[in-house]
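Work through the exercises below with the structure open. Each task is followed by a solution in steps.

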Amino acid sequence: MRLVILGGSGSGKSTQAQKLGSNFDIPQISTSQMLRDAIADVSDLGSYAQPYVTKGELVPDEIMISFIRLQLQKPEVNHGWVLEGYPRTAFQAEELDFLLDDLGQKLDWAIYLQVPEAIMVSRSLGRSLPDDQPEIVQRRVELFYDRTIPILEYYDRRRRLLTINGDQLPEMVQQNISTLLSIP
């Protein structure tokens with residue numbers, strides 16, 4: 001199973017990606033964690049990404065696409081994965097499809113966790129991550145809304161979009177996803 005989890009900051013992407021990874025016994029690929037690790041390790045990617053992450057901006061497409069390519073070529077993801085935090089733009093969604101074609105893989109579903117803006121902001125501010133400061137969170141939410149509709153339209157046209165109400169208990173969100181994916 002190859003899944004993409006879409007949603008704004010604080011929508012529950014990480015929680016649901018972890019649960020789906022466990023259910024399907026596939027690795028979770030978290031782009032935000034990869035960026036945090038790359039910044040902490042002072043890697044080339046981390047050095048390039050840090051100014052964008054610090055401001056709550058998106059890391060440029062070409063860097064993210066190269067990074068995702070490296071992740072999807074690892075042997076441990078041959079039998080499936082849950083990609084969380086990517087794609088963030090319609091261009092990235094299209095590039096992901098091209099990449100998957102190159103790798104002989106196919107996306108099964110893009111799962112959109114729909115959560116009101118106020119909930120995303122309050123959830124994000126309740127976390128203890130270094131980049132979850134009020135102005136950064138607000139900027140990420142604004143960017144998310146600016147770029148979400150084209151991504152949702154992209155996956156909807158390809159009949160790969162599942163929209164889930166993310167404004168409920170994590171267990172209920174998981175149950176709704178499982179029902180739509182027909183997981184027992």
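**Exercise 1.** At what angle do α2 and helix α3 (residues 44-55) pack, and how far apart are their axes?

Solution. The model is a predicted one.
Step 1: the packing angle of α2 and α3 is about 115°, and their axes lie 8 Å apart.
Step 2: angles of 65 to 115 degrees count as roughly perpendicular, so α2 is roughly perpendicular to α3.
Step 3: the crossing in which α2 passes α3 is left-handed.
Step 4: α2 contributes L35, A38 and I39, which meet L45, G46, A49, Q50 and V53 of α3.
Step 5: sorted by class, this contact of α2 with α3 has six nonpolar and two polar residues, and no charged ones.

**Exercise 2.** Find how helix α2 (residues 31-40) and helix α4 (residues 61-72) are arranged, and list the residues that meet.

Solution. 
Step 1: the axes of α2 and α4 come within 12 Å and cross at roughly 100°.
Step 2: α2 and α4 are therefore roughly perpendicular to each other.
Step 3: on the α2 side the residues are T31, M34 and L35, and on the α4 side M64, F67, I68 and Q71.
Step 4: the contact of α2 with α4 has five nonpolar residues, two polar and no charged ones.
Step 5: L35 of α2 takes part here, and L35 also takes part in the contact with α3.

**Exercise 3.** Describe the contact of helix α6 (residues 117-125) with helix α7 (residues 134-157).

Solution. 
Step 1: α6 and α7 pack at about 145°, with 10 Å between their axes.
Step 2: α6 passes α7 in a right-handed crossing.
Step 3: from α6 come E117, M120, V121, S124 and L125, and from α7 come P134, V137, Q138, V141, F144 and Y145.
Step 4: by class, the contact of α6 with α7 has eight nonpolar, two polar and one charged residues.

Note on methods. Residues numbered from 1 in each chain as written. Predicted model: local features only at pLDDT ≥ 70, side-chain atom pairs only at ≥ 80, totals over all residues. Heavy atoms only, no water. Axes fitted to C-alpha atoms, helices over the stretch in contact; angles between N-to-C directions. Helix = DSSP H or I, 4+ residues; strand = E, 2+ residues; numbered from the N terminus. Left-handed = near helix turned anticlockwise from the far one by under 90°. Contact = heavy atoms within 4.5 Å. Nonpolar A, V, L, I, M, F, W, Y, C, P; charged D, E, K, R; others polar. Parallel < 35°, antiparallel > 145°, perpendicular 65-115°, else oblique.
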